[in-house]
Amino acid sequence: MSTYDLIVIGAGPGGYVCAIRAAQLGLKVACVEGRETLGGTCLNVGCIPSKALLHASHMLHETHENFEKMGLMGAHVEVDWTKMLGYKAETVGGNTKGIEFLFKKNKIDWLKGWAVIEAAGKVKVGETTHETKNIVIASGSVPSTLKGVTVDNDAGIVVDSTGALALPKIPKSMVVIGAGVIGLELGSVYARLGAEVTVVEYLDAITPGMDGEVQKQFQKILTKQGLKFVLGAAVSGVETTDGGAKVSYTLRKDNSEQMLEAEVVLVATGRRPYVEGLGLDKIGVALTDRGYVKVDGHWATSVPGIYAIGDAAPGPMLAHKAEDEGMAVAEVIAGKHGHVNYDVIPGVIYTMPEVAAVGLTEDAAKADGRKIKVGKFPFMGNARAKAVMQAEGFVKLIADAETDRILGCHIIGPNAGEMIHEVCVAMEFGASAEDLALTCHAHPTTSEAVREAALACGDGAIHV
């Protein structure tokens, strides 16, 4: 029987980061993971493989749409789907092997198998029970199911995000159920690859919770790229056929029953925490009504010595949120002060253009009773964006009208996922819009649009 200071259950972004940080702080650490590779959903069948396909399909779009405009002439590029999937697999493999290296470097034991928590301080993996002073549950999440819809990734017709990353061929048509991040990212991949993609969403707008102006602009851009949208539609069932599947839905505005046919149906209706099989009910670990592990302000569960982070715990299901919690809880266990600022956690959609946000939306700030000022700047006024033919979208900065403190930022445009971080740093330090406006930005860069939006919160932007 092995004895540890900490056993982490799950080797996704939250789990492996927690294990590494705890080892750096001098703790004896093990990490339980039943997959054949480390990295969890994110690295194996989530963030990383999807970004590989997003990048590859964007390169295809550039060759077809923009190369000739730039004087790059040549044969029409075609897709070799097998090679593209190989590129995706190589990308995944390089990242997962990197985590194995980090585990060895930090002397972390990988306990291969699935964990059962027998009691506080006891984790069973296979036939062996390991003793530990602390346990961190970082078991992640799985795709949500939809009543009336049966997912079978092996059949390749009605699939979830995992199945959509490994289809045997590029379909001629696809219905995506759900207009959230996952549905729009993977839908845009297959639209660029030639599929006719229709997105069916229960609500009346895409990307629920996003700034209203960004939602409208984002939908317009995706529509121009070929995606079709059916909003306000409640899916009642999916029936497989010889050539694909039929999606039945009801339009909420008039209760009319409708139907769509496609070769592939992607169910992208969100994710739910995955804690099955851990034995939490037997040891008294409390869950929320939505199935998350209940935690306090230091990620401790209802059972002393057991903690929970990432998708298993309440909060946004984001890999970087899990990483922050992983580092913080490791520091708490090591006797230090762990901290996560939940008001400054960015979210990014990696379509083209990218969409990024942090902090309050305009509507949320107003609903909170705040007096605000809004600065906007379009990428049409940005020289770098125009030079690379990515001038759609804008930067929107929200600041307190009295203190000028930055409350939020919303970007739709080129490099949005990178640019959002200067606003995150500014918010972390309690900066004002004027602070951002007075900071020199290199020219020509797309980041200048952020400065211009900050200027627009004051006397006005320059280049519009």
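Let me begin with a term: a residue is called buried when its relative accessible area is under 20%, exposed when it is over 50%, and partly exposed in between, with a 1.4 Å probe and protein chains only. The model before you is predicted, so local features need pLDDT of at least 70 and side-chain atom pairs count only at pLDDT 80 or more, while totals for chains, interfaces and linings use all residues. Residues are numbered from 1 along each chain as its sequence is written, and side-chain values use heavy atoms, with hydrogens and water left out.

I turn to alanine 356. Because its relative accessibility is 1%, alanine 356 counts as buried. Alanine 356 is found in strand S19, residues 354-359; strands (E, at least two residues) and helices (H or I, at least four) are DSSP runs, numbered from the N terminus. Leaving aside residues up to four places away in sequence, alanine 356 touches Gly347, Val348, Cys409, His410, Ile411, Ala416, Gly417 and Ile420, where contact means heavy atoms within 4.5 Å.

The UniProt record, an unreviewed entry, places "domain: Pyridine nucleotide-disulphide oxidoreductase dimerisation" at residues 345-454. That span is 33% helix and 28% strand, and its end C-alpha atoms lie 20 Å apart. Residues 4-326 are 32% helix and 27% strand, with end C-alpha atoms 17 Å apart. UniProt annotations may be inferred rather than shown by experiment.

Next, helix H4. Its 25 residues, 81-105, should span 36 Å at 1.5 Å a residue, and the end C-alpha atoms are 36 Å apart, which agrees; the expected span is 1.5 Å times one less than the number of residues. Which residues of H4 are buried? They are Trp81, Met84, Leu85, Lys88, Val92, Gly93, Thr96, Ile99 and Phe103. Their packing partners include helix H1 (13-24), helix H3 (47-65) and helix H6 (181-192). At the start of H4, a side-chain oxygen of aspartate 80 comes to within 3.2 Å of the backbone nitrogen of threonine 82. Just after H4, lysine 107 has a positive phi of about 60 degrees.

A cavity is a set of points, on a 1 Å grid over the protein atoms alone, where a 1.4 Å probe fits but cannot get out; lining residues have an atom within 4 Å of a point. The structure holds one cavity of 30 Å³ or more. The largest cavity has a volume of about 50 Å³, the volume being the space filled by probe spheres set on the points, which are joined across faces, edges and corners. Among its lining residues are Pro143, Asp160, Ile182 and Arg271.

Terms used:
A polar contact is a pair of N or O atoms within 3.5 Å; within protein, one must be able to donate a hydrogen and the other to accept it, and residues adjacent in sequence count only if both atoms are side-chain atoms. On a 1 Å grid over the protein atoms alone, a cavity is a set of points where a 1.4 Å probe fits but cannot get out, and a pocket is an open set with protein on both sides within 12 Å along at least five of seven lines; lining residues have an atom within 4 Å of a point.
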